[in-house]
Amino acid sequence: MSGPLVIKIGGSTLGSADTTFRDVAGLAAEGSVPVVVHGGGAEASKWLEAMQIPSRFERGLRVTDARVLPVVVAVFAGLVNKRIVSAINAAGAPAVGLCGADGRILECRIAAPELGFVGEPVAVHPRAISALHQAGIIPVIGPIGFVPGEDSDQLVNVNADTVAGNIASALGASRLVFLTDVEGVRDGEGTTIPRLSGERARALIAEGAVSGGMIPKVEACLHALSLGVRVQIVDGRQPGILRALDGAGTVFEP
Ligand SMILES: Nc1ncnc2c1ncn2[C@@H]1O[C@H](COP(=O)(O)OP(=O)(O)OP(=O)(O)O)[C@@H](O)[C@H]1O
Ligand SMILES: [Mg+2]
């Protein structure tokens, strides 16, 4: 596919002394403006803890009740989003922050009642992303979606990997890269797998070798892959990784 490179920046790698923001700005300066999607799970947990609200996860998804929701909206669509925008801007490329509720980009339904305000995407409306991208501005998208409502849309928390997978698919992305805090997907022995088929990925989830935050990540990879996007999970802590993607980390086999 001929669309942009979509880069998902894991919250877990934010703040480590890598070159991600410089590399993102460098790509844009060379004319290939990427689209950035980010997480921020660790930062959200930190703020929730400060407010004495416990973090709970099911199958890698944060249970989001009425107390958790305003905190994750503030952290994902606010603090983390603006930190990333500021870092890319300072690296010399224009970036504008959005979340999936802006421009009604990411339409969702409630994923499962027991998860609370967690959204499952049903449609992507990428107009706001495309407008920025065409203007040479890097869209930086935080993982909040909306469920259509009458007086107001309902904001919902969406796993950032799921957001990245859906947006990459909707844009017909040429490539989707997940920057995370491990070298790639590990097998049951802890060895990083260089090339992963869909079949083996599903087996690794079923047998529990892939767990926690890696579950939605692998599922997002399989979803985008099925729509023809090249997908890869790489170590975002490694300097210059965005400039040396070929064969790095775990590449999903079409
Ligand atoms: N089989 C596996 N291979 C590699 N990592 C795994 C595996 N199973 C579970 N993990 C865990 O998944 C984590 C990465 O997912 P996590 O959701 O924590 O980070 P992220 O998605 O990069 O950041 P964020 O959720 O903030 O966007 C790893 O740090 C590791 O602990
Ligand atoms: Mg995650």
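Strand 1 (residues 3-9) and strand 2 (residues 35-38) run parallel to each other and pair over four bridges. Helices (H or I, at least four residues) and strands (E, at least two) are DSSP runs, numbered from the N terminus, and two strands pair if DSSP finds at least two bridges between them. Within this pair, Ile-9 sits opposite His-38 of strand 2. The model is a predicted one, where local features need pLDDT of at least 70 and side-chain atom pairs count only at pLDDT 80 or more, while totals for chains, interfaces and linings use all residues. Residues are numbered from 1 along each chain as its sequence is written, with chains lettered from A and ligands numbered from 1 in the order in which they are written.

In general, the strands of a sheet are held by backbone hydrogen bonds, in a parallel or antiparallel sense. Both senses turn up here: strand 11 and strand 13 are parallel over six bridges, whereas strand 13 and strand 14 are antiparallel over two bridges. Leu-176 faces Val-231 of strand 13, and Ile-233 has Thr-250 of strand 14 as its bridge partner.

Next comes the ligand. Around ligand 1 there are 21 residues, of which Gly-10, Gly-11, Gly-39, Thr-180 and Gly-213 come nearest; to be near, a residue needs its C-beta atom, placed from the backbone, within 6 Å. Helix 2 (41-50), helix 5 (160-171) and helix 7 (214-226) each give this shell at least two residues. Sorted by class, the shell holds seven nonpolar, 10 polar and four charged residues. Here Ala, Val, Leu, Ile, Met, Phe, Trp, Tyr, Cys and Pro count as nonpolar, Asp, Glu, Lys and Arg as charged, and the others, Gly among them, as polar.

The largest nonpolar core has 79 residues, and Val-6, Val-24, Val-36, Ile-88, Ala-164 and Ile-167 touch the most other members. Such a core is a set of buried Ala, Val, Leu, Ile, Met, Phe, Trp, Tyr and Cys residues joined through C-beta atoms within 7 Å. Buried stands for 20 or more other C-beta atoms within 10 Å of a residue's own, exposed for 12 or fewer, and partly exposed for in between, with C-beta atoms placed from the backbone. Setting aside neighbours within four places in sequence, Val-24 is in contact (C-beta atoms, placed from the backbone, within 7 Å) with Ile-7, Pro-34, Val-36, Ile-88, Ala-93, Ile-138 and Leu-242.

A few loop residues deserve a look too. Most residues other than glycine have a negative phi. Gln-52, in the loop between helix 2 and strand 3 (57-58), has a positive phi near 60 degrees; this residue is exposed because 7 other C-beta atoms lie within 10 Å. Arg-59, between strand 3 and strand 4 (61-62), has a positive phi near 50 degrees and is partly exposed, with 13 such atoms within 10 Å.

Notes. Two residues are in contact if their C-beta atoms, placed from the backbone, lie within 7 Å.
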